[in-house]
Amino acid sequence: MIGAEVARRIALAAQGFADARPGGEVTRRHLRRVLDRVRLIQLDSVNVAVRAHYMPLFSRLGPYPAELVDDAAWAHSARRPRLLVEYWAHEASLLPVADWPLFRWRMRDYERRLGSRYRELLRASPGLLDDVLAAVKDLGPVGAGPLERELGVEGRRAAGGWWNRSSVKHACEYLFAVGELTTGARRGFQRLYDLPERVLPPEVLGTRVSDEDAIRELTRRAATAHGVATEPDLRDYYRIRPPEASRRAVAELVEAGELAEVRVDGWPGPAYRHVDARAPRRVSGRALLAPFDPLVWERARTERIFGFHYRIEIYVPEPKRVYGYYVFPFLLDGELVARVDLKTDRAAGVLRVRGAFAEPTAREPRVAAELAAELQVMAAWLELDGVTVEDRGALAPALRAVLP
């Protein structure tokens, strides 16, 4: 039996929160260290405070040049090869280039499942997929808009939800899902498509992995990233389906001695601890976590480990929101003690705290002081002049009082 507190420390260590932040310049070596822990970084289009893919590194490393991620994902040279590639992992994600072949099973699955959804498109535009691939070969990396113009598409759009985007954009997304296109670069947050052979090294493109081996390897990586987890936790990390494939992979890893079945106090059913997972005696330090940080993206696991009920409220009508639009949990000494609704206000030059809330068991004076300090660090990292706290939330007065 593992105590709940020990399980929490194991999970935090697995995600890199038991490591001290670098004392000096953050380099590609530090980026690799984080990737060795988390394995993937989720992408998201929301840009209220900061793009989601930049935040996990800040949470673990502190201030760092955002170009470190940009260069690793969307720029490469013989001297500095690309480290990351985009694909559907947990959701749209950046993952290590070497992991791309582990998702061929998903590409084939998408080809089977999405084919029927695109039948109407292909019937209306015969040859479109071949035309898109040929145009990307000539123009890439290129966005869907320039491809539309190149192919002479006059913005034809069908009625209804799924078909509100252009046929060329649909074709690009389908080809991306089945692995015939990838992201060569981004302009702003716009994906620029390119051929995999111009983005990925030949040894990666040439690697073939069976479905069973790939799912087992992804489960192994999820177990490393979790430290200790239930089978559904492990399955969710890379969204493995069907469930039977995940259960088989877990059983094989247990049989191989890489996972140990354990019981965690207060957890339903069995859990699995990676044999290399460590349980530090204590976890200290602080971090603001984006809503799509891998430590908290599985909300049931977050509540089980931290006793912290967390839901993203972007799609909740404003009058019904409990905490706010884009809320960051605050991690302090191994516990989630508060949450803040953040917005980057470039016009005013401030990081705006639209709501601040402490957990019932938190020691408010210390939480306010530590949170204020971390918000100031984040504001400076975002090249803002300071932090402004609005009135919403019981923690807001104490937080405002300790900010300059």
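**Exercise 1. Identify the residues of the charged network and examine one of its pairs.**

R21, R286, D333, R366, E370 and E374 are joined by salt bridges into a network. This is a predicted model, in which local features need pLDDT of at least 70 and side-chain atom pairs count only at pLDDT 80 or more, while totals for chains, interfaces and linings use all residues. Residues are numbered from 1 along each chain as its sequence is written, and side-chain values use heavy atoms, with hydrogens and water left out.

*Step 1.* Apply the criterion: a salt bridge is a side-chain nitrogen of Lys or Arg within 4 Å of a carboxyl oxygen of Asp or Glu. The structure contains 37 salt bridges.

*Step 2.* Consider R286 and E374, whose closest N and O atoms are 2.8 Å apart in a salt bridge. R286 belongs to strand β9 (residues 286–288) and E374 to helix α15 (residues 364–381), so this pair ties together parts 88 residues apart in sequence. Helices (H or I, at least four residues) and strands (E, at least two) are DSSP runs, numbered from the N terminus.

*Step 3.* Assign the burial classes. Buried means under 20% relative accessible area, exposed over 50%, and partly exposed in between (1.4 Å probe, protein chains only). R286 is partly exposed because its relative accessible area is 26%, whereas E374 is buried at 1%.

**Exercise 2. Locate a negative surface patch.**

*Step 1.* E111, D130, D131 and E180 form a negative surface patch. Patches consist of residues with over 30% relative accessible area and no salt bridge, like charges being joined within 9 Å and nonpolar side chains (Val, Leu, Ile, Met, Phe, Trp, Tyr) within 5 Å.

*Step 2.* With 43% relative accessibility, E111 is classed as partly exposed.

**Exercise 3. Describe the aromatic cluster.**

*Step 1.* Rings of Phe, Tyr and Trp (its six-membered ring) pair if their centres lie within 6.5 Å; planes under 30 degrees apart count as stacked, over 60 as edge-to-face and the rest as tilted. By this rule there are 10 aromatic pairs.

*Step 2.* F103 and Y238 make a tilted pair, at 5.9 Å centre to centre and 55 degrees between the planes. F103 is in the loop between β3 (92–96) and α5, and Y238 in the loop between α12 (231–237) and α13 (243–255), 135 residues apart. Both F103 and Y238 are buried.

*Step 3.* The ring centres of Y237 and Y238 are 5.6 Å apart and their planes stand at 80 degrees, so this pair is edge-to-face. Y237 is buried, as is Y238.

Conventions
Accessible areas come from the Shrake-Rupley method with a 1.4 Å probe; for residues, only the protein chains shown count as cover. Lys and Arg count as positive and Asp and Glu as negative; His and the chain ends are not counted. The place of a charge is taken as NZ of Lys, CZ of Arg, CG of Asp or CD of Glu.
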